Amino acid sequence: MPILASLRCVNLFSSFPSKPPPKDATTSPPSTSPPIPIPRYTPPKPKFNPKTAPPNPKKPQTNPNPNPALKLPHRQTHYYKRVKPGVVSSDGDRAVLVGESGVSYHLPGAPFEFQYSYSEIPQAKPVAIREPAFLPFAPPTMPRPWTGKQPLKKSKKKIPLFDSFDPPPPGTKGVKYVELPGPYPFGKYPKEAHSREEILGEPLKKWEISMLVKPMLSDNRQVNLGRDGLTHNMLDLVHTHWKRRRVCKVKCKGVPTIDMDNVCRRLEEKTGGKIIHRVGGVVYIFRGRNYNYRTRPQYPLMLWKPAAPVYPKLIQEAPEGLTKDEADDLRKKGKSLLPICKLAKNGVYTTLVKDVKNAFEGSSLVKIDCKGLHASDYKKLGAKLKELVPCVLLSFDDEQILIWRGKNWKSMYPEGPAIPQNFDTAGGLDGSETVRSSPKMMSLWKRAIESSKALLLDEINLGPDDLLKKVEEFENISQATEHSYPALVLSTEDGASSSTTEYEESENYSDGDIYPEDDIDDGDDDEYYDSDTLVPIGSLPVDQIAERLRRK
């Protein structure tokens with residue numbers, strides 16, 4: 001600081017010069033790169049239109065007919081081909097057919113036409129297919145399905161094949177247990193069988209059924225049957241279970257459970273077994289007394305799931321028996337309608353058809369709540385209800401099934417007396433719609449009418465005064481019937497009959513002569529009130545039995 005103070009004309013806080021000093025041409029400024037590099041984008045290419053662009057002579061021409069295998073449609077392509085009933089495609093004896101049962105596959109030597117699902121078959125004929133008509137089985141020239149690897153070399157080990165009639169001895173190393181045939185009645189043995197009746201043998205008795213089913217109740221070794229129903233590959237799976245057990249347990253859930261009779265019929269028809277027990281959606285199939293795993297029917301397995309064909313639309317703007325305006329009015333009424341039930345996902349719907357039929361007895365519209373279910377599930381349910389109830393489908397809006405009972409609807413109780421519905425908002429009685437009672441209620445009404453505790457009116461449209469008059473008349477009749485007893489007739493020693501109570505028809509008494517008005521007391525003192533018994537003493541059957549015992 002003393003040095004700076006000794007200097008003259010030095011301003012410590014002077015401003016920067018207005019003009020920068022001249023640059024030296026010999027020194028070059030340092031080159032510094034920016035902290036973030038500036039991206040360089042290629043200019044966009046003009047869109048190429050092969051129809052308007054001129055041909056390029058330098059570019060080689062491509063093959064106009066490429067390999068068709070490179071243009072096969074797949075799941076992402078929108079393949080749609082209309083089909084008619086008959087053969088769609090064929091390769092020698094192998095063919096793809098379209099008929100009333102949907103898409104089926106014919107193989108030479110097969111006992112029946114193969115399908116992906118045997119139980120879930122709509123009654124409507126398919127309109128189109130969503131993929132080319134290929135057989136989902138391995139080609140006959142390929143011994144195994146292609147897995148992307150070379151086939152392994154043949155094993156040097158010789159694995160013996162055991163059948164059910166000659167199983168390996170117990171305790172054999174490396175061999176699983178094979179179930180013996182049976183059970184057999186006393187003195188009978190297994191025999192070779194070919195037809196279904198021979199394989200099943202004699203019908204099982206009750207104790208044999210309980211012996212076979214009881215260990216399977218708590219066993220989780222089972223075949224799961226889902227929304228696709230009884231599929232083709234499931235047939236081989238059932239025979240695999242029969243190799244180790246005499247009974248195969250099949251657990252059904254979802255859409256197929258709405259018609260369990262159809263599922264059971266298809267299981268017996270395709271597998272050849274016999275259903276011996278059924279509880280809800282669980283079915284137990286017996287393989288037969290003379291079943292042999294070695295001689296079982298062997299079917300080729302499907303390598304993929306074929307695409308479902310296209311069927312006609314379930315919901316129509318103007319369903320059968322209705323115009324478009326009438327259908328729209330019913331759909332508007334259905335929005336405020338409460339559903340009769342809520343279906344759970346993968347549930348058992350064995351009572352759904354019965355519930356819908358009972359609901360149609362009280363209302364022409366029925367709604368079913370299907371929230372949480374897959375769209376294909378409640379559409380399949382609607383198609384099945386249309387066939388089983390029957391009914392008319394109106395909508396699937398808001399994940400709910402709205403159905404109408406139709407104009408040709410008939411009640412389940414045609415003999416029951418029709419009871420008119422409640423009064424409408426205008427105060428009148430709508431006689432067009434009627435409600436019918438259940439069989440239990442009808443039996444109670446019939447019993448009440450026979451015992452004179454109820455009256456069946458011939459006329460319905462009665463006024464209040466006429467109805468009150470009918471009630472008073474019926475009240476007198478019912479009281480007289482309730483407080484009347486049959487006269488007991490006793491025979492005397494002379495053989496003449498005498499009644500315990502005799503009334504002279506020639507004498508007519510009025511109510512005033514029997515009960516004078518002066519003798520009637522309206523007091524509430526009933527403590528000392530004594531009334532004569534209507535049944536004479538000693539006239540009951542119990543009294544007669546007591547009298548006989550006294551004589552003895």
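Contact is taken here to mean heavy atoms within 4.5 Å. By this criterion, in the predicted model, the buried residues of helix H4 (residues 233-244) pack against strand E6 (223-225), strand E7 (247-252), helix H5 (260-271) and strand E9 (282-286). The residues of H4 that are buried comprise Met234, Leu235, Val238, His239, His241, Trp242 and Arg244.

Lys176 is located in the loop between strand E5 (128-129) and helix H2 (196-200). Lys176 and Arg244 are 68 residues apart along the chain, and a distance of 8.6 Å separates their C-alpha atoms. Whereas Arg244 is buried, Lys176 has a relative accessible area of 64% and is therefore classed as exposed, the cut-off being over 50%.

The chain as a whole contains twelve helices and 16 strands. Of its 552 residues, 27% are buried. The accessible surface of the chain amounts to about 42,300 Å², and carbon and sulfur atoms account for 55% of this area. For contacts between residues at least 6 apart in sequence, 70% are made by residues at least 24 apart.

Helix H6 (residues 324-335) has twelve residues and, at 1.5 Å a residue, should span 16 Å; the computed separation of its end C-alpha atoms is 17 Å, which agrees. Ala327, Leu330, Arg331 and Gly334 are the buried residues of H6. Viewed down the helix axis, these buried residues fall within an arc of 100°, so they line one face of H6. In an α-helix there are 3.6 residues a turn, so residues three or four places apart point the same way.

Rolling a probe the size of a water molecule over the atoms shows where empty space is left. One cavity of 30 Å³ or more was found in a search of the whole structure. The largest cavity holds about 30 Å³ of space. Its lining is formed by Gly254, Val255, Lys345, Asn346, Tyr349, Leu373 and Asp377.

Definitions and conventions:
Residues numbered from 1 in each chain as written. Predicted model: local features only at pLDDT ≥ 70, side-chain atom pairs only at ≥ 80, totals over all residues. Heavy atoms only, no water. Helix = DSSP H or I, 4+ residues; strand = E, 2+ residues; numbered from the N terminus. Buried < 20%, exposed > 50% of the residue type's maximum accessible area, 1.4 Å probe, protein only. Areas by Shrake-Rupley, 256 points an atom, 1.4 Å probe, with all protein chains shown as cover. Expected span 1.5 Å × (residues − 1). Arc of directions from axis to C-beta. 1 Å grid on protein atoms, 1.4 Å probe; cavity = no way out; pocket = protein on both sides within 12 Å on 5 of 7 lines; lining within 4 Å. Points joined across faces, edges and corners; volume = space filled by probe spheres on them.
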